[in-house]
Amino acid sequence: MYEHLTVVKHPLVQHKLTLMRDKDTPTAVFRQLLREISQLLAYEITRELEMTTRRIETPLCEMDAPVLAGKKLALVSILRAGNGLLDGVLELVPSARVGYVGLYRDEKTLQPVQYYYKVPTDLKDRLVIVLDPMLATGNSSAAAVDLLKASGANNIRFMCLLAAPEGVARMGQAHPDVPIVTAAVDECLNEHGYIVPGLGDAGDRMFGTR
Ligand code: URA
């Protein structure tokens, strides 16, 4: 399999994911579960953030205490489902910069079509975490990473809830330098580009549309 793929097999993540897959899980619960899982995935994806120390004084003595170093990280949501991951991660990293990439999938060709792009300036040497719950064909994800690289990003990671083997392979071929963190890799894509067994349309389930 793809060497830059991390599947977070933590029991809490797997339990919550099962609840999200269940078609009878209501919208509000689905959204809350996505927020919770996003924070557990963020814990994994930020594991190697650069650190330094700061001199502080505790009530007992002075110490050199660890703090984050380097540029603030950037979170880039692939609209619209990426926003479901964004909310949770922002709660954990409130000072992160935020960008949005608007891509929709042409239902016939399954190719991404761009309609919005607004990301922080100065992406070079900043950790950029791209957020999209469903890594399906990988076409939108690869296109979003293309755009970010063209904007100067050189340290990109990709966070999703579910991945299809096809999407993982596509990203591996297009962007082997971009590590992927996910809660599960499912069996396959169906003829409509949906992940199987999956959880259906993440955006619809999150926002109660259809
Ligand atoms: N996008 C979704 O929301 N679900 C899938 O299964 C595939 C792409």
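Figure 1. The axes of α2 (residues 27-45) and α3 (residues 82-92) come within 8 Å and cross at roughly 55°. Axes are lines fitted to C-alpha atoms, for helices over the stretch in contact, with angles from 0 to 180 degrees between N-to-C directions. Helices are DSSP runs (H or I, at least four residues), as are strands (E, at least two), numbered from the N terminus. Residues in contact (C-beta atoms, placed from the backbone, within 7 Å) include Leu34 and Ala42 of α2 and Leu85 and Val89 of α3.

**Figure 2. Two cis peptide bonds are shown, Leu79 to Arg80 and Val196 to Pro197.** Omega is about -5° between Leu79 and Arg80, and Arg80 is in the loop between β4 (74-79) and α3. For Val196 and Pro197, omega is about 0°; Pro197 lies in the loop between β14 (195-196) and α6 (202-207).

**Figure 3. Asp122 has a positive phi of about 60°, and phi of Asp125 is near 65°.** Asp122 is in the loop between β6 (112-118) and β7 (128-131). Asp125 is also placed in the loop between β6 and β7. Asp122 counts as exposed because it has 11 C-beta neighbours inside 10 Å (buried: 20 or more other C-beta atoms within 10 Å; exposed: 12 or fewer; partly exposed: in between; C-beta atoms placed from the backbone).

Residues are numbered from 1 along each chain as its sequence is written. In this predicted model, local features need pLDDT of at least 70 and side-chain atom pairs count only at pLDDT 80 or more, while totals for chains, interfaces and linings use all residues.

Key: Two residues are in contact if their C-beta atoms, placed from the backbone, lie within 7 Å.
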